[in-house]
Amino acid sequence: MKQKIYIPQPIAAAGEDYLIEKGYEIVRGSGKTDKESIKNDIAVCDAMIQRTAKVDKEILEAGKNLKIIARHGAGYDNLDWKAANELGIYTTYSPDTTTLSVAEFTITVILNLAKRLKESEELVRKGDFQKKFSLKGTDVAGKTLGIIGLGKIGKEVARKAALGLDMRVISYVPRPEGKDIPEYIEIVSWEELLQTSDYISLHVPGGEKNQGIISKKEFAMMKKSASLIQVSRGGVVDEEALAEAIRNSQIRGAAVDVFSEEPPQKDNPLLKLEQVILTPHIGSNTVECMDRIALDVAEDVHLVLSGENPKHPIKR
């Protein structure tokens with residue numbers, strides 16, 4: 001009997017094709033990601049490739065044959081990996097596949113904010129072509145980019161900004177001793193990063209420790225001309241405080257790709273602010289990146305179901 005791989009939300013064909021070639025049966029489920037639907041679908045499966053659906057202990061216990069949950073992406077705050085460990089279920093993620101795509105996305109929104117492309121496009125659509133003379137963008141060369149979270153993505157953003165755009169790049173690292181920090185990144189205090197950055201880009205993991213690390217106190221310290229880029233995890237930025245900071249001209253604008261609740265509710269104050277670029281969690285959503293992730297998680301599923309250790313286990 002073929003082992004079954006549960007895929008509740010679509011992944012790139014590269015991953016499915018790999019698993020089919022290895023002799024597995026794909027179970028796409030009902031297409032719903034509520035708890036009861038997943039519990040029903042997962043009951044007879046040996047593995048699950050998880051995207052945005054939340055997987056808690058109750059779901060894990062419903063998967064009587066489960067041997068692995070492979071998280072499709074670099075973050076795993078929607079997966080109770082500790083409960084999985086207790087139940088003897090492997091958990092994996094894909095830490096190296098999103099770096100390039102998210103870094104490119106970050107640079108894209110920085111340039112969009114600088115050149116005021118969103119507002120400029122609206123002028124053309126409204127037929128207000130001449131207003132361009134009062135709507136000026138800025139150059140990013142010589143501006144300061146503050147990076148919070150100097151992991152793989154943060155470092156790649158820094159490299160592109162410093163070497164490609166001639167930006168000054170600074171970062172706050174609590175204990176920089178012994179860390180591999182490129183020479184074009186200047187390590188500064190938390191206060192200096194907030195007070196001197198023209199752009200602040202977040203690249204920290206989710207979880208309780210980082211909830212609300214940017215809130216009212218932090219916005220009050222920023223330059224009035226500063227912009228915030230939130231491509232990290234939902235909840236890292238206090239969205240109410242961000243909206244208030246923009247309304248009160250404490251900062252100039254923001255780009256937000258991840259939200260504390262997804263999709264955001266209609267009363268989310270950020271939806272009403274034209275100074276904010278809003279995108280639906282697409283930082284890594286490229287053809288190439290989706291192929292990389294799908295194949296990466298499929299390979300780990302195959303390793304575990306073949307009795308071997310995965311390449312990218314979550315802490316065990």
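Trainee: What should I know about the model before I start?
Mentor: This is a predicted model in which local features need pLDDT of at least 70 and side-chain atom pairs count only at pLDDT 80 or more, while totals for chains, interfaces and linings use all residues. Residues are numbered from 1 along each chain as its sequence is written, and side-chain values use heavy atoms, with hydrogens and water left out.

Trainee: Okay, which domains does the chain have?
Mentor: The assignment, which comes from an automatic or database source, gives domain 1 as 2-95 + 285-304 and domain 2 as 98-276. Their C-alpha centres lie 32 Å apart.

Trainee: And how many residues are in contact between domain 1 and domain 2?
Mentor: Nine residues of domain 1 are in contact (heavy atoms within 4.5 Å) with seven residues of domain 2. The two domains bury about 620 Å² between them, 44% of it on carbon and sulfur atoms; buried area here is the accessible area, taken with a 1.4 Å probe, that two parts lose on being put together, summed over both.

Trainee: Which residues of domain 1 lose the most area to domain 2?
Mentor: Those are Asp77, Pro95 and Arg292, which together make up 51% of what that side buries.

Trainee: What is the count of salt bridges between domain 1 and domain 2?
Mentor: The count is one, where a salt bridge is a side-chain nitrogen of Lys or Arg within 4 Å of a carboxyl oxygen of Asp or Glu. A salt bridge joins the side chains of Arg233 and Asp77, at 2.8 Å from N to O.

Trainee: Switching topic, how many salt bridges does the structure hold?
Mentor: The structure holds 21 salt bridges, and one of them pairs Glu16 with Arg28, whose closest N and O atoms are 2.5 Å apart. Glu16 lies in helix H1 (residues 13-21) and Arg28 in the loop between strand E2 (25-27) and helix H2 (35-42), so this pair ties together parts that are twelve residues apart in sequence. Helices (H or I, at least four residues) and strands (E, at least two) are DSSP runs, numbered from the N terminus.

Trainee: Where is there a cis peptide bond?
Mentor: A cis peptide bond joins Glu262 and Pro263, with omega about -5 degrees, and Pro263 sits in the loop between strand E11 (253-256) and strand E12 (276-278).

Trainee: Is phi of Ser249 positive or negative?
Mentor: Phi of Ser249 is positive, near 60 degrees, and Ser249 is placed in the loop between helix H10 (239-247) and E11. Most residues other than glycine have a negative phi, and most peptide bonds are trans.
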